[in-house]
Amino acid sequence: MNLAADTVKTLEWTPEGIVLIDQRLLPHREEYRLCRTYLEVAEAIQTMVVRGAPAIGVAAAMGVALGIQASKTRDLNTLQTEFDQICNTLAATRPTAVNLFWAIRRMKKVFDDLLAQGAEIHDIQQRLQEEALAIQREDIEANKAMGQHGASLVPGGKTVMTVCNAGTLATAGYGTALGVIRSAVCLGKNIDVIALETRPFLQGARLTAWELQKDSIPTTLITDNMAGYFLHSGRIGCVVVGADRIAANGDVANKIGTYTVAVLAKENGVPFYVAAPLSTIDLSIPSGEAIPIEQRPETEVTEIQGVRIAPAGVAVHNPAFDVTPHVYVSAIITERGIATAPYEECLRRLKEK
Ligand code: MRU
């Protein structure tokens, strides 16, 4: 089966820099953007050229490697200062998805270990590049494993509902929630998908619909406020979404609107599944209360694709994510298996496996 996961490249390391598909332009234009410096990578994350928790983690790791390769210093103290500056800049781009901080921490560990071993600057630069590429490779592997675990939960002959875009575009490849859907289709399950448009940034309408169409997976687009209507219809076999950060108790931060869908799913007896790699699980945070929620510009709400839809001066809120309490989560699908309640114990076991 020729899947979009195999044909679309979300991010690519090249000798000139990092190539990113510009997700702001999809589905109208498929354009690739070359980031030659770590500052350009940071800007690409902040402005949503690249988005989705695992993808921004990989982009940040590549940004660190790129930044350190540009260093001209021969002095290790200066290198350390430059390294910290690069990491701090990339870490300040978006606050909610923990994969960003996880990836930077992983790069820091490699840097610190090599420094402690007295490695040459050239070797440090090379090893950081290898680590970034390993993070990218492992993310694809994790998504495929998640797909295999999760596919068993998807009932055949029914519709799967998904929110936002948790596909190839949101990861290094294959996707988390869309990876589960892809694997279910590959197993021969007769399913179709309902994609929520996901106002205000329209990741569902622009990206999920585009990706699934490329894979010829039958997909129907609905607006976010239609979710209850369809969840009540008896047509939906399950909801599968991705996550930006999962607290130790299983509370899930994901794209704004996910919580509404989760409550409606429970009310209508529809299982609500979250597919996320272990890098999305933040055991240092006891519950969703402590997850920082990114607030995005007002214009994303007052305008649709640059066209103003609201009167000037109206008050606006634009939180990019919400937190779904764990009681609404039927299971969390990871690359090492499926976690069910009580989540704290189960997630810890999977992470430490
Ligand atoms: O603001 P975005 O587009 O980066 O938000 C993305 C999401 O909320 C995804 O559902 C989440 O990152 C999981 S992606 C595998």
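This report looks at the ligand site and at some backbone features of a predicted model.

## Ground rules

Local features need pLDDT of at least 70 and side-chain atom pairs count only at pLDDT 80 or more, while totals for chains, interfaces and linings use all residues. Residues are numbered from 1 along each chain as its sequence is written, and side-chain values use heavy atoms, without hydrogens or water.

## Around the ligand

How many residues surround the ligand? There are 19, and the closest are R51, R94, D244, N254 and K255. The shell holds 8 nonpolar, 7 polar and 4 charged residues. Here Ala, Val, Leu, Ile, Met, Phe, Trp, Tyr, Cys and Pro are nonpolar, Asp, Glu, Lys and Arg are charged, and the others, Gly among them, are polar.

Both domain 1 (4-144) and domain 2 (146-352) give at least three residues to this shell. The domain bounds come from an automatic or database assignment.

## Polar contacts

A polar contact is a pair of N or O atoms within 3.5 Å. A polar side-chain atom of N254 lies 2.6 Å from a ligand oxygen. For R94, the distance from a polar side-chain atom to a ligand oxygen is 2.8 Å. A side-chain N or O atom of Q203 is also 2.8 Å from an oxygen of the ligand.

## Backbone features

Most residues other than glycine have a negative phi, and most peptide bonds are trans. The L26 to P27 bond is cis, with omega near 5 degrees. The R199 to P200 bond is cis too, with omega near 5 degrees. Y174 is not a glycine, yet has a positive phi of about 75 degrees.

Key: A residue is near a molecule or strand if one of its heavy atoms lies within 4 Å of it. A polar contact is a pair of N or O atoms within 3.5 Å; within protein, one must be able to donate a hydrogen and the other to accept it, and residues adjacent in sequence count only if both atoms are side-chain atoms.
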